[in-house]
Structures are given as structure tokens and as C-alpha cells.
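Student: Could we walk through this structure together, question by question?
Tutor: Gladly, let's have a look.

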There are 2 protein chains.
Amino acid sequence: MATIYDVAKRAGVSPKTVSRVLNGDAPVSQKTREAVSAAMTALGYVPSHAARSMKSHRSGLIGLITGAISNADEVAAPAGLPELFIVQGVQHVIESSRKTLLISDTGGRLDRVPALVRTFQEHRVEGILYVSDFHKPLDVSLDCQGIRKVLVNCFDDAGTPAVIPDDEGGQYALTKSVVAAGHKRIAYLTLAPGMEATRLRMKGFCKALAEAGISHDPALVMATDLYGSPGEHQLIWDTLDKFFTLDEPPTAICCGNDRLAMAVYGILRKRGIAVPEQVSVVGYDDHRLISETLYPALTTAELPYSAMGARAARLLLDLLADPLAREPDAPILVSGQVRQRSSLVAPNLDQNNVISLKGRTEI
Amino acid sequence: MATIYDVAKRAGVSPKTVSRVLNGDAPVSQKTREAVSAAMTALGYVPSHAARSMKSHRSGLIGLITGAISNADEVAAPAGLPELFIVQGVQHVIESSRKTLLISDTGGRLDRVPALVRTFQEHRVEGILYVSDFHKPLDVSLDCQGIRKVLVNCFDDAGTPAVIPDDEGGQYALTKSVVAAGHKRIAYLTLAPGMEATRLRMKGFCKALAEAGISHDPALVMATDLYGSPGEHQLIWDTLDKFFTLDEPPTAICCGNDRLAMAVYGILRKRGIAVPEQVSVVGYDDHRLISETLYPALTTAELPYSAMGARAARLLLDLLADPLAREPDAPILVSGQVRQRSSLVAPNLDQNNVISLKGRTEI
DNA sequence: ATTTCTTATGACACCGATGTCATGACACCG
DNA sequence: CGGTGTCATGACATCGGTGTCATAAGAAAT
């Protein structure tokens, strides 16, 4: 590989002059510049990042730690959407800032994080982004030896800058849409209890109902997310069974994520209940592969992963640009849109103001 | 950041001795080793990758170019499965070889590839993997200036080493399973014409039928993949309509990918046709988010992206380890499994040996 | 005791850039 | 015509490691 000395010799100038042509940081005569450029082209010269960063003490690298890649075959992890979208958002921002993103994967094993951090340190990354697979408290000790870091999709109680989804607001807005469509009996198939998203979204769900003057009926709320477990379909089946043997069955079903909604579609139809004619269904995540392809297309709330990644990357770059910049003192919430599609319509009620399940046929 | 000189001074030895402790490449007395280790710990010393690679001329970096990350919101690109799974397979192999993977994303713009290659060159990557979003001829000029490269999910006619999926074999095996279940009238909703996968899988499909003595009926083959187009559902609807008004309707439907199968499920049920009781459905890709969650679970052929990534990474490492290693002279085919799930059962025929569509109710 | 051979360690140069400082060549000024 | 300033360029040191070679300190052999 050609070096700056080779170029200098060929162009008949000093290495320093070649450096000046490269960086344009000092005047170089037109003639010299052309000679140097010609030599660079002829030799296929590309400057060495290692040599540069050694002298400048600036690597231009940003490290990102994720489990997205190795987790990808459990693509529907608890919260539903692969955190890869976060990486996408990060990538866009970092790349347009002329820095290079170094992505490392935990391979699903948190005990490997220290080794990844060490690799980042060897490369003298200027900042680190830690991306969690779903919204939760940080579950790994992340000692970065003074390197600036930003958490994405997780948070700690040490005040580390963090960017998280606005789960409460998202479910609130989505539920309001369901209410606005005229529904009063709204069931909710939640994600696993104990998850941050479950708690926050329930809060948003209840808030929207309360504002609409609809009393909260515990019989309409069930946790059903069991990804990977063979019993999941049975559980959803039984849960729906309970709902539809109530005196006043639900006219709309909120699902903890789009994947659950996909399962619900299948089971409802198996039981001869038409979506959306007899029951409306909404999801969460806006996992477009699902929400756009399901028939009918799914109304859902966007989990703004890409925007979160972009926000986190921008935050990190800002912190790096100004060493005195104050870190935000609370996690930054990023909100998503409600995506209206055809699975949500006005309820179809009979004269008793109860869902009309006539014409139902088990197929 | 502490340097090897700081450590040396603190331990009262020369930098070279510290280097020896770090690399263990020459004998160091027990006492010295301990003093040096203590100093390293006290100073939080981490060696500089830049300085090391400069001297050794070995960066330990492998570059990977993909559109997977920025493409992620078009997660169901033509061939169906996000090529991210390829990256996952690569990551596993590279990481266990003590090298570091540098991932760059095209942002969907092929004209940015040269810039990415240049960045890789600056970092002196030892090899480059180019990952295509679906199986096709290489569609970008990839001038790596002598850096070893391996193509994944694509191929060129210049003999560049490549790893691609065995589309023909996959569809052949899958179709054989459908035949083995007893089906003789098998419809095929193909991917877009012109795609490598479409051509090869059709070949496998026909081969399996021919071996079973089933004549190929063109009326049962239609291209329906229109991802992102609002007319897709209508097209599938109309296509299914044609199938089921034939004198001998199909008893099984092969779909070009799992996403199409998901759409077909919805439409069939809307039309009161039960899966799998009246019609069996199979997909392609084994996109587990879909195939495991659909109700009933989907029989499908695995598109072995992860294995392809691993294979390509291993090939690249082998080529790097032995500069004289001969490149394979044809693309390496990687085969996937057939995943048997509940959407495929024996056909339900009436006394005329025709599919029984009794009990059908439009819901 | 002297020579020989390990073993442990250090001095020094070098990898490929760039920052600092010096200098040569001109143009412009009075 | 000499003095001053600007422009273009080069010499040299340096960043943080490691390869090469030299050498001091013991251990083993004579």
C-alpha cells in the first residue's frame, strides 16, 4: 500500500506538501497540487487512518453495542420490534456527521459487554451508544472509563443520558383513536407483566378510558405475550373465549404488539368472528411487515425506534462537540404516530347495545 | 489516555518490557510482570489499536457493506427476508476469529459504495464482504484495489468468490413435501418475474412435479409479489378467485415468500376457505416472526441467510489465512431446511377427486 | 576462576501521518 | 535599491506501539 512518502517522491515534493494537498489546510500552488493529485491517483494512494488518528488523537469512531444482530432470529423479542431499527436511525445520523460507526454485537451474552467496551477503547472510540433490545432498566454494568455514552431503549439511575420510547403517550393516543371510533368495550391483550412497556402503556390505556368516561373492566385485560412458547396460541384462544362469553363482549381488542395481533386475526377468523366487521383489532409497534400485509391492514401505534436511534446519535454528537454541554437530567422520550388502517372501524352493535355476533360460523 | 510509556515509567521498566508483558512474546520475570500488570491496572491502560496496526501492517478489521440497516423499514424486500440475518451469520464467525467487523451501510444508494470502500481502505481492512439484499447478479462495480472480497447473496461473471442460496433445491424439497402430503393440484404464487429466485425456484417446483408425474398447469402459476403496492391485496384476491373457479381448483398453494402467505391466509379466510382443512398453504423463507405466529403455523422452506453469512465469512478468513488459497470457481450454494408446520395437510377431496369446498361461508 | 550460554531487559529506529518552525522566493513599499 | 511582508515549501520531531540488536546478570560448563 502506497504511503505519503511514495506520493511525495513521485510528485517531487515533500511529504508535508502532500499532506497539505490532502487536507487543504495551507496554500499549495496550483501546479504542485496537480502534480501531487496525479501521483496519488497513479499510486492508488489512500491515507492511513491509523497514522492519522495516532497523531491527531481523534479516531472519528463511534461505538455501538447491541444484541440486535445476533438476536435477529428471535426477531419478535418481548417488545416486538427488532432494535435493529434503532441502529438504522443511528447509522443515518453518524454517517452524515463524517464519523464511522463501529457496531459490536453481544451475541446475546451480556457478560461479553466488557470485552466489547475494551475493543472500543483500543480503537479509541469517541463515544459509545448502548442499545437495549426492549425498553427496560439498564441490566449490565457499563464502565466506559470516561468515554461519553448514551443509552438507547434503556435507562439507569445514575443519570446517564438516555433515549426511550414514550410508551404511555403512544398507548394513550392509540386508545383515544379506538374510543373516537365509538368503542366502549375495549379489551387489552398486554405484553408480559413486569415490563416497562406493559406498565406505561397500561397507564396510557387507562388514562384514555378515564378521559372518555369509560370504566376500567379488569375482565377485559389479560397478559398473553409468550413469544416462542408453544402454548401461546392456546392462551390467546382461551382468553378470547373468555372475552366473548362475557355479557358484554368487547367490540375492539388492543394487542400488546403487532405480532399478537397477527395471532389474534387467525384465531378470530377460525372462530368465525370477522375483523373488522364484528371486532376491531389494533396492535402496537407498526411493524410494517405485519401491519401493512395483514388483511385487513392493521391500525397500530408506531414504536419510533428509528427516530430514537437518530435522537440518541444526535445527543451523543452534541455532547462530544461541546465538552461542557450539560447532559439531559431525565431520559428523553420519543413519541410515535398512530397509524390508522382498516382493522379499526365503528362498533357494530345490536339493539341491546351489545356486539352483534350473528352470522358467526366456526370454520 | 495512558500510554505504554506511562505504564513503563510507573513500573520502573522500559516500554519494550511492557510490550512484552502485553504480548507475551518473550520471557519476562515474574516480578516484573506483576509490577507491570499493577501499573497497567492502576492507570487503566488500554493499548492503542492505531499504533499497533501501524507497526504491524495488520488492522484485524473486516469490512462489510450492506443495505440491510437502512433498508430495514422495507423489511420485506422482494425476496422476503431481511439480509440482516446474513450479517448475523458473518458476525458470529468474524468475532470468534478475533477480528473486528466494520459494518457500513449504503443507505440504499449504490453510488455510495465507492466511498464506503474508500473508508475501508483508510482503515486498511483485510477483507471485504458485500451483502446484497436479495439473490441477484452484482449490480455495482466493486473495485477494492486488491483487497480480498467475497460476495454474499449475489454473484458476478468475473469469478469473484460468492455465496448464494440454493433456491432451486429449496423449492424442490418444499414442493416434494407438498406432493408427499398427497397434493396433485398445486398452485404457485411466485415472486416477481425476472428475479433470480423466481427462475430457480420455478425450476425446482417443476422438477418436483415432473418427478411425481404431475403435469405442469400454467393456469396454476401466477406472479403476485408487489410489496409496497396498494394493489397487492386485490391482485392476490383476483388470482385466488381464478384458482377457485377452475374445474379442478388447487388443494395447496405455494407462496413465493412467507409474507405472501400471510396475505393469502387473510384473503382465504375472508372468503370462507379454511386453512389447512380445505386448502394447504406453504411459504418460503422461514421468516419465523411470520411462520411461527401465523395461525395455523406455516410450513415453509428456510432461506438460510445466517448460514450463508457464516459460510462467506469463513471463506473470506480462509482466503486471508492462506494467500495462495485458490478461490472457488463457482458460487457456493447453501441449502436450507424444509420446516414442516400445521398449514400443510393431506388434501380433502370429494368423491369426484376434487377439493371439497362445502361449508364455505364468506365472512 | 574463566568461559559459555541463557534469560531478562533496554536503546533505538521505524510504521505513516501531521504540527511546528524555518526558509527561500517574490511582490510591494517608500 | 534595501526593507518588509506574503506565499509556498521543506526539515524535523512526534504520536504509541513493536522489531532488531545489544547488553547485563546469572547459571552452567570447563
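Tutor: Arg112(A) and Glu95(B) form a salt bridge, with their closest N and O atoms 1.9 Å apart. The model is predicted, so to speak plainly of terms: local features need pLDDT of at least 70, side-chain atom pairs count only at pLDDT 80 or more, totals for chains, interfaces and linings use all residues, and side-chain values use heavy atoms, leaving out hydrogens and water. Residues are numbered from 1 along each chain as its sequence is written, while chains are lettered from A and ligands numbered from 1 in the order in which they are written.

Student: How many salt bridges are there between chain A and chain B?
Tutor: A salt bridge here is a side-chain nitrogen of Lys or Arg within 4 Å of a carboxyl oxygen of Asp or Glu. The pair Arg112(A) and Glu95(B) is a salt bridge. Between chain A and chain B, the count is 4.

Student: How many residues does chain A give to the contact, and how many does chain B?
Tutor: Contact means heavy atoms within 4.5 Å. The area buried between the chains (accessible area, 1.4 Å probe, that two parts lose on being put together, summed over both) is about 6000 Å², with 65% from carbon and sulfur atoms. Chain A gives 64 residues and chain B gives 64 residues.

Student: What is the distance between the centres of domain 1 and domain 2 of chain A?
Tutor: Domain bounds come from an automatic or database domain assignment. Domain 1 covers 61-160 + 305-335, and domain 2 covers 167-301. Taken over C-alpha atoms, the centres are separated by 31 Å.

Student: Which residues are closest to DNA strand D?
Tutor: A residue is near a strand if one of its heavy atoms lies within 4 Å of it. In this model 27 residues surround DNA strand D. The closest are Thr17(A), Arg20(A), Pro27(A), Thr32(A) and Lys55(B).
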